[in-house]
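Here is a short briefing for anyone meeting this structure for the first time.

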Amino acid sequence: MGNFDTLIFEKVDSIAYITLNRPEVLNAYNMRMRDELYQVLMAISDDPEVRVAVLKGAGDKAFCAGADLTEFLTAPSPTVARQVRWERDVWGLFLRCPCPLIAALHGYVLGSGIEMALCCDIRIASEDVQFGLPEVALGIIPAAGATQTLPRVVGRAKALEMMFLGGRVGASEALDIGLVNGVVSRSKLYSTASDMARRISQFDPRVVAGIKQAVTRGLDLSLVEGLAIEKILAGAIIDLKR
Ligand code: COA
């Protein structure tokens with residue numbers, strides 16, 4: 001895959017590593033990053049060799065400090081922005097990615113940063129992590145999925161508190177409310193995420209993808225409908241192995 005300005009993409013065995021790479025601006029999410037992430041996520045989704053992907057941020061201070069504020073003033077009109085969103089639906093691609101996505105989170109994880117992390121299946125954080133959705137203070141609502149993804153992860157009340165107040169959530173609170181799967185020291189963050197990725201990658205990828213699909217699709221359905229999906233997927237896996 002080509003060189004990127006805002007990302008580093010590496011494939012080690014069957015694990016893909018995506019590093020947000022604008023450390024001088026705390027990996028702020030700009031339009032270039034959006035386009036490059038789109039390209040990488042498409043490639044990962046189509047690559048049968050990739051069994052797990054790990055998303056992380058370059059530099060000491062942040063996974064991602066949110067949307068690039070310098071682009072706010074130059075952003076296209078709402079109509080164009082909407083059209084671009086449909087042409088480049090990065091968040092939809094994240095959510096449709098068939099393989100597990102693990103986010104390794106450190107430092108600031110704000111705005112689009114937390115929204116990206118919420119599109120991942122597993123979140124591992126280091127002790128210095130600080131989550132937040134500062135949009136309310138900027139006069140906008142989170143628009144990269146957090147109004148939908150955050151309540152599904154931490155429940156309605158905590159999600160609304162975070163979005164109404166725009167405050168910060170540190171590592172221990174994030175663990176308490178289920179925003180992250182685990183907290184480790186900064187020095188162990190990437191080895192923990194990689195180790196988890198390696199362990200998952202040892203299982204049959206069709207089974208792992210089936211589990212992911214059953215859970216993610218089922219969460220938007222009633223229990224009865226979800227159980228029906230589970231039955232179909234479980235049957236499909238058995239058929240594949242015959
Ligand atoms: N967009 C563009 N640039 C950003 C950025 C963003 N979201 N967040 C940080 N940066 C830039 C800063 O402008 C600064 O650039 P400079 O060195 O050229 O001045 C650099 O990254 C380092 O940030 P700095 O503010 O000096 O670090 P800090 O440790 O003092 O503060 C934050 C860190 C995250 C608290 C602060 O940068 C911040 O509030 N950023 C904006 C967060 C935000 O509102 N995001 C949008 C959500 S929708």
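Leu 105 counts as buried (under 20% relative accessible area, where exposed is over 50% and partly exposed is in between, with a 1.4 Å probe and protein chains only), because its relative accessibility is 0%. What you see is a predicted model, in which local features need pLDDT of at least 70, side-chain atom pairs count only at pLDDT 80 or more, and totals for chains, interfaces and linings use all residues. Residues are numbered from 1 along each chain as its sequence is written, and side-chain values use heavy atoms, with hydrogens and water left out.

**Around Leu 105**
- Leu 105 belongs to strand E5 (residues 101-105); helices (H or I, at least four residues) and strands (E, at least two) are DSSP runs, numbered from the N terminus.
- Setting aside neighbours within four places in sequence, Leu 105 has contacts (heavy atoms within 4.5 Å) that include Phe 63, Ala 117, Val 129, Phe 131 and Leu 189.
- Leu 55 is 50 residues away from Leu 105 along the chain, and their C-alpha atoms are 8.4 Å apart.

**The nonpolar cores**
- A nonpolar core is a set of buried Ala, Val, Leu, Ile, Met, Phe, Trp, Tyr and Cys residues joined through side-chain atoms within 4.5 Å.
- The largest one has 50 residues, and Leu 37, Phe 94, Met 116, Phe 131 and Leu 179 touch the most other members.
- Helix H1 (residues 31-46) is the top contributor to this core, with six residues.
- Another core, of 14 residues, lies apart from it and has Ile 102, Val 184, Ala 193 and Ile 200 among its members.
- Beyond its neighbours within four places in sequence, Leu 179 is in contact with residues including Ile 114, Leu 118, Phe 131, Leu 150 and Met 162.
- In soluble globular proteins, nonpolar side chains tend to be buried together.

**The ligand and its shell**
- The ligand is surrounded by 15 residues, the closest being Val 25, Lys 61, Ala 65, Ala 67 and Leu 69; a residue is near a molecule if one of its heavy atoms lies within 4 Å of it.
- That shell is made up of 10 nonpolar residues, no polar ones and five charged ones.
- Strand E6 (108-110) and helix H5 (135-138) each provide at least two of the shell residues.
- An N or O atom in the side chain of Lys 61 is 2.8 Å from an oxygen atom of the ligand.
- A polar backbone atom of Ala 65 is 2.9 Å from a nitrogen atom of the ligand.
- For Leu 69, a backbone N or O atom lies 2.9 Å from a nitrogen atom of the ligand.

**A buried serine**
- Ser 112 sits in helix H4 (residues 112-118) and counts as buried because its relative accessibility is 9%.
- Not counting residues up to four places away in sequence, Ser 112 touches Tyr 29, Gly 66, Ala 67, Trp 91 and Glu 135.

**Two residues with positive phi**
- Most residues other than glycine have a negative phi.
- Asp 13, however, has a positive phi near 50°; Asp 13 is in the loop between strand E1 (7-12) and strand E2 (15-20), and counts as exposed because its relative accessibility is 70%.
- Leu 26 is not a glycine either, yet its phi is positive, at about 55°.
- Where is Leu 26 found? Leu 26 is in the loop between E2 and H1, and counts as partly exposed because its relative accessible area is 23%.

Notes: Polar contact = N/O pair within 3.5 Å; in protein donor to acceptor, adjacent residues only side chain to side chain. Nonpolar A, V, L, I, M, F, W, Y, C, P; charged D, E, K, R; others polar.
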